[in-house]
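Visitor: I am new to this structure and would like to look at it one step at a time. Please show it first.

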Amino acid sequence: MTRYAAKTDANQQKIIDALRAAGATVECLSAVGSGCPDIAVGYQGFTYFMEVKTNKGKLTPDQVEWHASWRGQVAIVRSVDEALELIGVM
């Protein structure tokens with residue numbers, strides 16, 4: 001059964017703000033649901049899909065399936081530092 005996103009993780013807005021401050025564009029995809037990552041990030045000609053989780057957060061079954069079937073880049077980030085490192089800022 002497909003679950004749809006009901007809420008965002010507590011650290012998501014802080015990560016989005018930091019990415020934007022670093023010069024990235026960010027599109028929130030949380031409402032898409034069905035395992036789709038929380039945000040799409042554009043930076044220096046590249047697009048990054050990021051699933052935002054808290055330190056103890058785990059992927060849902062839909063997210064596990066989406067990540068396994070996606071034939072491109074997707075990453076789990078748990079902090080501002082991880083998100084910035086992923087796009088090469090740190």
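**Isoleucine 76 and the cores**

Visitor: Is isoleucine 76 buried, exposed or partly exposed, and why?
Guide: In this predicted model, the relative accessibility of isoleucine 76 is 35%. Buried means under 20% relative accessible area and exposed over 50%, with partly exposed in between (1.4 Å probe, protein chains only). Isoleucine 76 therefore counts as partly exposed.

Visitor: What average pLDDT does the protein chain have?
Guide: Of the residues, 92% score at least 70. Over residues 1-5, pLDDT stays under 50. The average for the protein chain is 92.

Visitor: Which residues does isoleucine 76 touch?
Guide: Contact means heavy atoms within 4.5 Å. Leaving out residues up to four places away in sequence, isoleucine 76 touches Glu51, Lys53, Leu59, His67 and Glu82.

Visitor: How many residues does the largest nonpolar core have?
Guide: A nonpolar core is a set of buried Ala, Val, Leu, Ile, Met, Phe, Trp, Tyr and Cys residues joined through side-chain atoms within 4.5 Å. Those with the most contacts inside the largest one are Ile15, Leu19, Ile39, Val41, Met50 and Ile87. The number of residues in this core is 15.

Definitions and conventions:
Residues numbered from 1 in each chain as written. Predicted model: local features only at pLDDT ≥ 70, side-chain atom pairs only at ≥ 80, totals over all residues. Heavy atoms only, no water. pLDDT = per-residue confidence, 0-100.
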